[in-house]
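Open the model in your viewer and keep the selection tool at hand. The stops below say what to select and what is there.

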Protein chains: 6
Amino acid sequence: MRILVVNVNTTAAVTEAVAVQARAVAAPGTEIVGLTPRFGAESVEGNVESHLAAVGVLDAVLHHPGPYDAVVQAGFGEHGREALQEAVDVPVVDITEAAATTALFLGRRYAVVTSLDRTVPLIEDRLLLAGLDRRCAGVRASGLGVLELERDPVRATEAVATQAAAAVRDDHAEVIVLGCGGMSGLAEAVTRRTGVPVVDGVPAAVTTAEALVRLGLSTSRSRTFAPARTKNMSGWPFP
Amino acid sequence: MRILVVNVNTTAAVTEAVAVQARAVAAPGTEIVGLTPRFGAESVEGNVESHLAAVGVLDAVLHHPGPYDAVVQAGFGEHGREALQEAVDVPVVDITEAAATTALFLGRRYAVVTSLDRTVPLIEDRLLLAGLDRRCAGVRASGLGVLELERDPVRATEAVATQAAAAVRDDHAEVIVLGCGGMSGLAEAVTRRTGVPVVDGVPAAVTTAEALVRLGLSTSRSRTFAPARTKNMSGWPFP
Amino acid sequence: MRILVVNVNTTAAVTEAVAVQARAVAAPGTEIVGLTPRFGAESVEGNVESHLAAVGVLDAVLHHPGPYDAVVQAGFGEHGREALQEAVDVPVVDITEAAATTALFLGRRYAVVTSLDRTVPLIEDRLLLAGLDRRCAGVRASGLGVLELERDPVRATEAVATQAAAAVRDDHAEVIVLGCGGMSGLAEAVTRRTGVPVVDGVPAAVTTAEALVRLGLSTSRSRTFAPARTKNMSGWPFP
Amino acid sequence: MRILVVNVNTTAAVTEAVAVQARAVAAPGTEIVGLTPRFGAESVEGNVESHLAAVGVLDAVLHHPGPYDAVVQAGFGEHGREALQEAVDVPVVDITEAAATTALFLGRRYAVVTSLDRTVPLIEDRLLLAGLDRRCAGVRASGLGVLELERDPVRATEAVATQAAAAVRDDHAEVIVLGCGGMSGLAEAVTRRTGVPVVDGVPAAVTTAEALVRLGLSTSRSRTFAPARTKNMSGWPFP
Amino acid sequence: MRILVVNVNTTAAVTEAVAVQARAVAAPGTEIVGLTPRFGAESVEGNVESHLAAVGVLDAVLHHPGPYDAVVQAGFGEHGREALQEAVDVPVVDITEAAATTALFLGRRYAVVTSLDRTVPLIEDRLLLAGLDRRCAGVRASGLGVLELERDPVRATEAVATQAAAAVRDDHAEVIVLGCGGMSGLAEAVTRRTGVPVVDGVPAAVTTAEALVRLGLSTSRSRTFAPARTKNMSGWPFP
Amino acid sequence: MRILVVNVNTTAAVTEAVAVQARAVAAPGTEIVGLTPRFGAESVEGNVESHLAAVGVLDAVLHHPGPYDAVVQAGFGEHGREALQEAVDVPVVDITEAAATTALFLGRRYAVVTSLDRTVPLIEDRLLLAGLDRRCAGVRASGLGVLELERDPVRATEAVATQAAAAVRDDHAEVIVLGCGGMSGLAEAVTRRTGVPVVDGVPAAVTTAEALVRLGLSTSRSRTFAPARTKNMSGWPFP
């Protein structure tokens, strides 16, 4: 089975780190292909960047020659999963949703710890739309940007673990979800610090995608994700 | 005061029709400028098209030399309002939200009648995110596409009025919101058929935008819509 | 166009202050008529006073000879808007709801700062009934009564700004709504202190009422606000 | 123990019928005193009438010399319970809320059958404010006015039982609440027709009030229902 | 009338204390019969113990020879009320739900103070299922186990009153519900400390059960609580 | 990896059918062990049976000598998952929740089709507690009992497919969840009839359990599912 894991930012090193993380959990026989958008921001931390990423991810997938069995969108709280579901026939898994549903099996309430405060609303909106908000105890910001988290694991661990511990203590979270692609590799340290399970989005999404493929299930084409109607498009797909 | 009214599809005739509708309600001294995206679909009726429109609208506004006092996004249920709010300093009004808030003042529950069934989920999602869903009695589809509605007002009136009447009778709607830019001009006929107030999004958005400007209010920059951070962008803004 | 702006308390000075505030934002050609109830409390800060105000406002409007084009109920969180909508044919705008819907266009979440803690539940109830509660980050009390706010602008500014700043910092409010008629004139100072947009109910209601009139829309008579049935009334209307 | 049972309309015969119904269920030693408002409508079926009733009930209670141990407001879905709670020290029980909480103990979901369709929104609003809406399967109208229900028990039974049966069959109601004072005496017949428990508001409210008195509990004075502040009132209490 | 009051734990002293409390509020002519499960935990403070209690209570009631007029399940936040409702024809009252509905008549929001933090989720779940969560300001733990509360009233009062006061001050609770059978007898002291009404579950349940019996109402058999189908059971009822 | 798949009823043939279904989807190297409760009902279709099953499943798991890596509770909408999570250290997956979360990845709304109408409330309650209700378009009953579904696949297919088609057409479901263990093997036929993805609980739970084990995650022990306190138990564990 081949899974496309699509980064939402344009930083190739992040794509590579995400792919490494995906491969570490993938079943034998699963091939992970990392994709990077051709345009957009080096890190996605806001509304313009997220909407741009939605189209950038779509563009990247549509330009992949295939075949592939599933697509993982590796941005936490970003836009665009619905467009992918409409555009391709295989299962599409957003890491936000995969992490949240995984967390549901591990404790009564989960909290998300993300990068900057400005990305909190994006994550809350995505969880609301996904109907996964009621058991979310809150979304907290570590105060570090995506690339800072990526570049300084020691500082990242400290900042994330501090917020995670506060979520457990003050918000009654029982599970922590790492709410940023740049946090890959922090799960173990945060578990040690908080004593609760820590869910990382990319591995959760890979196992979810593998499960859907093994179950022989893909996106319903009956209504919301029916194939697009044939019509005149201007300048799309991007050349 | 100058208001940019941005179409979400690439059909210039629709932009013109929307601008005419906007001018009809605009106060003396308000200039309406219609904008058409440089890329995207001739009509927006799905997830890919809507995400593409979000970036197309943003692109159109960012390429406008200014100055302007407010921006109206003239697509019902489309993505992208949040990105516009982050990108510009002036008030941004989405016609979906303007129509819904207007309806709140007119009756206890409102229903939306839109184009195709496949666009219903997009509208429901937007109303959910906007916190305007609780008094929505439902979103119904007329079964006609955006351009069909535009081109055949007689058939459009019949299809829309039928669903509007059903919403009043079966769903206890007391107000009807026309949920598609292509329905401009149908309000009077639908009111006659149903006996309830009918809200059209573009006029509602123009009066809302004018009110915000007159009140001297614009988007809060404190958190969700704080200006984007300075960072490396690839291929953006589009040339 | 003539708009009746009806005070909910019996203090004529408050009626006059509200009318001045309304005139400051009204469009050229809009006449503002301030009305004061013939009975009730000098300030409305509780359940008895609010229910009494509902009937007092109704009484005041029914005794006005007309004509008028819209009615603004200038009490924050008070009862009675529904009765007015049933009693008159023109649009009715409650300042609570006008302020809240205006706030929706300015930021993701808004907070209300009101007078005394005992009025908080009244405001929460009104927002709940109006379906405008989900994006409300909270209602905070300044601790000053309605007439204290009116009489001592310096102390009022300090108390309101303190709570507004706390709402922004602790509750993630991005917009502040001034939740009391007695706060007119504080918006600018509170904006300066908090850096976020501040919405005042009376101006928001006037522009909303004007918009409804210009759009040619008024209350749906189909169900909730159908005209009252003809029946025997005892002692009503009050002589 | 003495319980004031206050009618919301001005029809003395309804007050008497309600008092009879109350006495039938009251414990030995409980005295039922029926009160009729001095002003208002002969039947309450809309917003103006309901707001007027809120003040009429308050006026009636405040003019009662006392002593009394509890107050029952015998109007289904009317305004004013909060004002009574603020005005008196003894427990106040609204029949809408007493019927609904009683129904919660009898089945998973209950439906209300009321008089006219125009009163449905009032009942829905009251249940929403009371936090009793989630297990309500719906509010249905019999199509008969309050006084018609009162005067023609055969026709009333037929109309109410028809809607009750539909609520059980189509809305999964397991309990029926009679949503109108004029329906007293129909419970047995509707139970026979539907096979499910039928709750009548006045008896439910009397047993609830008795229970509160026996438990030695009354309204909390800590915040929402704190005694009114001392202030200048105009024309109130009504002479 | 005879009411079975069934303890959820296997400690006979708790059963006796509960029965004493029940008798103190029961009407003349009401006989209270205390029952203790034959198996289970000496105190119920977790999921295994609560599920076991559900069956233990059922077992105890099914082995009672009868007759009886109502059953009270005297465990706060425990499982099993639905099974009892299916198994017997008389009204079943859970003390959690009786306390919460009683609290609704006394103030706008109530808080629960319970034993250990680990029982909070059980109570929250029960209130959610009962549709009684919206007016719950929160569930707080005293930090003392069920039997500690029972054995040391002075320490119990201190711990419970401290949390109750915090709920009033910080969570805007206006009524306190004692969320543990082991707290019987604390109501008066906690009222003195907090100044707000305090509801104890067992007395509230007894008056509720009496009211249902007097109203001639019992569980609807139409759907959720229809009698069990006849089928092969293994090892049940327990010998 | 070894997964215990525990039936909720006492019919060994159902346990075997469930195990076969589990093995069909299990990854190479996963051993499936089917367990049958020692007591309870031959099929679980109501509240008493479900509460009994909760303890029966717990009893079966606690008597298994181990080791095992995960537990799947193979009853749709039954009680007891929380008790299992508290009792064992490995991941516990309820098929209701696994099916629902799987469905979330496949379409915007899912519907459940179950056995008898009387089991619908149990399923709705479980989905509510799990926070998975908002995207559920409804739970429909096929009208066939658990064992009828098991024994007559042709009739079962017809009954289930009819309700599934109605859910897609009338309730806007885009995915169908088979809400009964006795429906194993129907997925393919129902997919053919409805054209939408059909999720079967047991396979979904097996892949979910495998994923959790591979991710190295298990139940949080921090609060809700903390190990039980040491205390005196009477007659438990059952001998």
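## Stop 1

Select B:Arg229 and A:Glu45: their side chains meet in a salt bridge, with 3.0 Å from N to O. A salt bridge here is a side-chain nitrogen of Lys or Arg within 4 Å of a carboxyl oxygen of Asp or Glu.

Before going on, note that this is a predicted model, in which local features need pLDDT of at least 70 and side-chain atom pairs count only at pLDDT 80 or more, while totals for chains, interfaces and linings use all residues. Residues are numbered from 1 along each chain as its sequence is written, chains are lettered from A and ligands numbered from 1 in the order in which they are written, and side-chain values use heavy atoms, with hydrogens and water left out.

Now show chain A and chain B together. By the salt-bridge rule, 10 salt bridges cross their interface. The contact (heavy atoms within 4.5 Å) involves 47 residues from chain A and 47 residues from chain B. About 4,100 Å² is buried between the two chains, 55% of it on carbon and sulfur atoms. Buried area is the accessible area (1.4 Å probe) that two parts lose on being put together, summed over both.

## Stop 1: the nonpolar cores

Select B:Tyr110 and C:Tyr110. They have the most contacts inside the largest nonpolar core, which has 129 residues. A second, separate core has 128 residues, including E:Ile3 and E:Tyr110. A nonpolar core is a set of buried Ala, Val, Leu, Ile, Met, Phe, Trp, Tyr and Cys residues joined through side-chain atoms within 4.5 Å. Buried means under 20% relative accessible area, exposed over 50%, and partly exposed in between (1.4 Å probe, protein chains only).

Around B:Tyr110, look for the residues that it touches, among them B:Leu104, B:Leu127 and B:Cys136.

## Stop 2

Select B:Cys180. B:Cys180 is buried, at 5% relative accessibility. A disulfide is a pair of cysteine sulfur atoms within 2.5 Å, and the count over all chains is 0.

## Stop 3: a helix in chain E

Select residues 201-214 of chain E, helix α9, which has 14 residues. Helices (H or I, at least four residues) and strands (E, at least two) are DSSP runs, numbered from the N terminus. Of the 14 residues of α9(E), 12 are buried, so the helix is largely enclosed by the rest of the structure. Finish at E:Gly216, which follows α9(E) and has a positive phi, near 70 degrees.

Terms used: Expected span 1.5 Å × (residues − 1). Lists of a residue's contacts leave out its neighbours within four places in sequence.
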